[in-house]
Amino acid sequence: MRERAPVKVHELAAAAEGPLSPAEGNLLFRLARFCRSGCIVEIGSFHGKATTFLGLGSQAGDSNPVYAIEPDLDPPGLFQRQMEHAGIADIVRPVLAPAGIAVRTFTEPIEFLFLGGSPDDVSVRLHWDLWVSKVMPGGYVALHNTLLHPAPRRLAETRLLGSGNFVDTGLADSIAYGRVRQWHENADSRPHTLGLLTLKRVCDVAVRVPLPSPVKRWGSQVVTALQPVPGEN
């Protein structure tokens, strides 16, 4: 059976505000749990909903540090209270700076990068250009908001899913993800890439259709079931 984050993890994350679906939380938890030799970096932490999944996933694995990069944690103290509520204040390390500034002095090897910041064109491209090159070969990159927002949608299709630089690519609702290809690995097969891009474009259309929540949840589960389980390599 495809692994989901424990119910308790979803309950703890629900205490924080943020646009993250259960399928997206499951993905972040799983990829964080499988980190072994590098840290986890989140660009854009808001109130800490995604950070909670990342921190608890890391805690369930090797407890690798999670660097939560956010220039303005507003209101003050809310993010830290969420980390304490989830029991991960010792794992999560807030970085109060814009991503473009924080990158200048960041030297830790990154095994999992989650780009969840502002979805505008300038921010998306800047964060990608500055941070993705810091991810170690074999590490994962995940990009949020790739359905309703044009900039991350284009970037996901051209520089992640269809670039040949990533393998084990996939989708979890509005998150597109992939593992940085190592020198000895072949790129994902063309049928896999074309199938994934087709699936994504179907999701792009479906997300705009007003459907009952149970139908949307069922659709999310179907999309997840159609793909390989991430984080096993």
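1. Let's start with a side chain: is arginine 201 buried, partly exposed or exposed? Arginine 201 counts as partly exposed, because its relative accessibility is 45%. Bear in mind throughout that this is a predicted model.

2. Now for the partner of arginine 201. Its side chain meets that of glutamate 157 in a salt bridge, at 3.4 Å from N to O. The pair links distant parts of the chain, with glutamate 157 in helix H7 and arginine 201 in helix H8, 44 residues apart. Glutamate 157 has a relative accessible area of 17% and is therefore buried, the cut-off being under 20%.

3. Leaving out residues up to four places away in sequence, glutamate 157 touches Gly162, Leu197, Lys200, Arg201 and Asp204. Some of those names come back in the charged network: Glu157, Lys200, Arg201 and Asp204 are linked by salt bridges.

4. How many salt bridges are there in the model? The count comes to nine.

5. The side chains of arginine 36 and aspartate 62 meet at 3.9 Å, N to O. Arginine 36 is in the loop between H2 and strand E1 (39–43), while aspartate 62 is in the loop between H3 and strand E2 (66–69), so the bridge ties together parts that are 26 residues apart in sequence. As for accessibility, arginine 36 is partly exposed at 44%, and aspartate 62 is partly exposed at 44%.

6. Helix H2 (residues 22–33) has 12 residues, and 10 of them are buried, so it is largely enclosed by the rest of the structure. Among the buried residues of H2 are Glu24, Asn26 and Arg30, along with Leu27, Leu28 and Phe29. The helix reaches 16 Å from its first C-alpha to its last, close to the 16 Å expected at 1.5 Å a residue.

7. Helix H3 (residues 49–60) gives a similar check on its length: its 12 residues should span 16 Å at 1.5 Å a residue, and the end C-alpha atoms are 17 Å apart, which agrees. H3 is also largely enclosed by the rest of the structure, because 10 of its 12 residues are buried. Its buried residues include Lys49, Thr51, Thr52 and Ser58, as well as Phe53, Leu54 and Leu56.

8. On to the nonpolar cores. Which residues touch the most other members of the largest one? Of its 35 residues, those are Val41, Leu113 and Trp131. H7 gives the most to this core, with five residues. Leucine 113, leaving aside neighbours within four places in sequence, is in contact with Val41, Ile43, Trp131, Val132, Val135, Tyr140, Val141 and Ala142. There is also a second, separate core of 32 residues, which includes Ala5, Val66, Leu73 and Phe114.

9. Finally, back to H8 (residues 190–206), which holds valine 205. At 55% relative accessibility, valine 205 counts as exposed. Val205, Val209, Leu211 and Val215 make a nonpolar surface patch of about 300 Å². Cysteine 203 also lies in helix H8, but cysteine 203 is buried, with a relative accessible area of 15%. Not counting residues up to four places away in sequence, cysteine 203 touches Leu147 and Val223. For a sense of distance, cysteine 203 and isoleucine 40 are 28 Å apart, C-alpha to C-alpha, and 163 residues apart in sequence.

Conventions: Residues are numbered from 1 along each chain as its sequence is written. This is a predicted model: local features need pLDDT of at least 70, side-chain atom pairs count only at pLDDT 80 or more; totals for chains, interfaces and linings use all residues. Side-chain values use heavy atoms; hydrogens and water are left out. Contact means heavy atoms within 4.5 Å. Helices (H or I, at least four residues) and strands (E, at least two) are DSSP runs, numbered from the N terminus. The expected span of a helix is 1.5 Å times one less than its number of residues. Buried means under 20% relative accessible area, exposed over 50%, partly exposed in between (1.4 Å probe, protein chains only). A nonpolar core is a set of buried Ala, Val, Leu, Ile, Met, Phe, Trp, Tyr and Cys residues joined through side-chain atoms within 4.5 Å. Patches are made of residues with over 30% relative accessible area and no salt bridge: like charges are joined within 9 Å, nonpolar side chains (Val, Leu, Ile, Met, Phe, Trp, Tyr) within 5 Å. Accessible areas come from the Shrake-Rupley method with a 1.4 Å probe; for residues, only the protein chains shown count as cover. A salt bridge is a side-chain nitrogen of Lys or Arg within 4 Å of a carboxyl oxygen of Asp or Glu.
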